[in-house]
Amino acid sequence: MLSCSITNKIKSMKILKYTLLLATLLSIGLFNSCKDDDATPADVLITSHRKNGKVFKVDVTSGVLTEIFTPTVGANTLKEIRAFVYHRGEDKFFASATSFVDQDNPRSGVLYSIDPTTKVGTIINDNTGGGGSYAVWDAVVNWAVASDDSLISVGDFNANGNGIVKFGVNGGRSTKTKQLNACCGFALLYDRSTGELQISNGEESDDKEIIFNTINTSGTITNTTSITTFADFPASLDNHWLTLKAMAKDRAGKIYGILFDTDVSVTYFVEVNLTTLTIRYISTIGADNNNQYNSLAYIPARYAN
């Protein structure tokens with residue numbers, strides 16, 4: 001009888017240990033499940049209104065825009081944004097803005113860093129120039145975060161011509177400009193793993209055509225692709241000269257763009273497929289020159305407010 005009693009106690013202790021172990025595993029599993037639920041949400045695609053400075057979230061399915069914030073500098077709204085990017089390493093937005101002063105002082109680009117929480121900007125390069133390699137430039141049109149965490153840009157660099165220039169996160173400009181026979185649009189994709197850039201180049205494009213150049217780390221054009229197929233557009237694009245002003249790629253590899261019809265000053269939100277060589281209409285987001293949207297970038301969802 002004593003033996004049976006001891007045996008039963010041992011069995012009870014084993015059952016208790018098993019129950020505690022199971023409860024622990026379940027609690028860990030539940031914790032991990034909660035962790036997954038609280039994981040960082042998918043990034044949000046944003047664009048900005050050129051004239052009033054308002055930033056909008058873009059519904060990538062419908063193209064509907066939802067206003068989320070307006071960046072400021074001092075007491076003023078930051079307007080005329082052309083290039084915009086989120087730098088994860090710095091946890092900041094970086095923007096390039098342009099403004100027309102007069103005929104003797106044409107468009108000039110000023111560079112800003114922007115606190116993503118407060119949406120307050122700080123000038124990091126006022127583009128006043130210092131002569132020589134640092135002469136005033138016309139526009140930093142688009143940029144991306146390079147593999148060395150600098151900002152790699154495409155734009156119009158005046159005496160140095162159109163091309164590629166790097167900037168530091170403090171706004172400092174590289175003395176090297178890689179000139180390109182390129183202009184107009186300058187939508188940009190950058191592959192951090194290879195260092196390759198893809199830009200839209202309107203220099204030699206025909207009507208109803210978008211040309212893409214692939215550029216390697218030495219600044220050499222290694223491939224040129226032309227898209228002449230435009231799907232689902234509500235109006236004819238025949239005999240219209242088009243420029244692609246910005247591109248952004250999601251984590252699944254889908255590419256979205258801002259397409260501008262220069263003949264009628266209409267801005268379209270589109271999907272760009274570099275495999276099928278098709279640009280597909282999603283929505284019309286700007287009907288005239290006073291309602292242009294030039295930037296396109298992904299930002300963390302926590303800052304889309």
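How many of the six residues of β16 are buried? In this predicted model, six of the six are buried, so β16 is largely enclosed by the rest of the structure.

- Four strands, in the order β14-β15-β16-β17, form an open sheet with antiparallel pairing, and its edges are β14 (185-190) and β17, each of which pairs on one side only.
- Neighbouring strands of this sheet are turned against each other by 20° on average, with direction ignored.
- On one side, β16 pairs with strand β15 (residues 197-201) in the antiparallel sense over four bridges, and within this pairing Ser-200 stands opposite Phe-212, while Ile-199 has Asn-213 as its bridge partner in β16.
- Strand β17 (residues 221-227) is joined to β16 by six bridges, the two strands running antiparallel, and the bridge partner of Phe-212 in β17 is Thr-225.
- The hairpin of β16 and β17 has five residues between the strands, and in this hairpin Gly-219 takes a positive phi near 85°.
- In general, the strands of a sheet pair through backbone hydrogen bonds, in either a parallel or an antiparallel arrangement.

**The two faces of β16**

- In a regular strand the side chains alternate between the two faces of the sheet.
- In β16, Ile-210, Phe-212 and Thr-214 point one way, whereas Ile-211, Asn-213 and Ile-215 point the other way, and the residues of both sets are buried.

**Asn-213**

- Asn-213 lies in strand β16, which spans residues 210-215, and with a relative accessible area of 4% it counts as buried, because the cut-off for that class is under 20%.
- The side chain of Asn-213 is joined to that of Thr-224 by a polar contact of 3.1 Å.
- Leaving aside residues up to four places away in sequence, Asn-213 touches Leu-197, Gln-198, Ile-199, Asn-201, Ile-221, Asn-223 and Thr-224; of these, Ile-199 is the residue whose bridge partner in β16 is Asn-213, and Thr-224 is the residue whose side chain makes the polar contact with that of Asn-213.

**The sheet of β10 to β13**

- Another open sheet of four strands has the order β10-β11-β12-β13, again with antiparallel pairing, and its edge strands are β10 (139-145) and β13 (173-179), each pairing on one side only.
- From one strand to the next, the twist in this sheet averages 25°.
- Strand β10 is joined by six bridges to strand β11 (residues 151-156), and these two strands run antiparallel; Asn-142 stands opposite Val-154 in β11.

**The disulfide**

- The model has one disulfide by the distance rule applied, and it is formed by Cys-183 and Cys-184, whose sulfur atoms are 2.2 Å apart.
- A disulfide is a covalent bond between the sulfur atoms of two cysteines.
- The link of Cys-183 and Cys-184 is left-handed, with -80° about the S-S bond.
- The two partners fall into separate accessibility classes: Cys-183, with a relative accessible area of 13%, is buried, whereas Cys-184, at 29% relative accessibility, counts as partly exposed, because the cut-off for buried is under 20%.

Technical notes: Residues are numbered from 1 along each chain as its sequence is written. This is a predicted model: local features need pLDDT of at least 70, side-chain atom pairs count only at pLDDT 80 or more; totals for chains, interfaces and linings use all residues. Side-chain values use heavy atoms; hydrogens and water are left out. Buried means under 20% relative accessible area, exposed over 50%, partly exposed in between (1.4 Å probe, protein chains only). A polar contact is a pair of N or O atoms within 3.5 Å; within protein, one must be able to donate a hydrogen and the other to accept it, and residues adjacent in sequence count only if both atoms are side-chain atoms. Contact means heavy atoms within 4.5 Å. A disulfide is a pair of cysteine sulfur atoms within 2.5 Å. Two strands pair if DSSP finds at least two bridges between them. Axes are lines fitted to C-alpha atoms, for helices over the stretch in contact, and angles run from 0 to 180 degrees between N-to-C directions.
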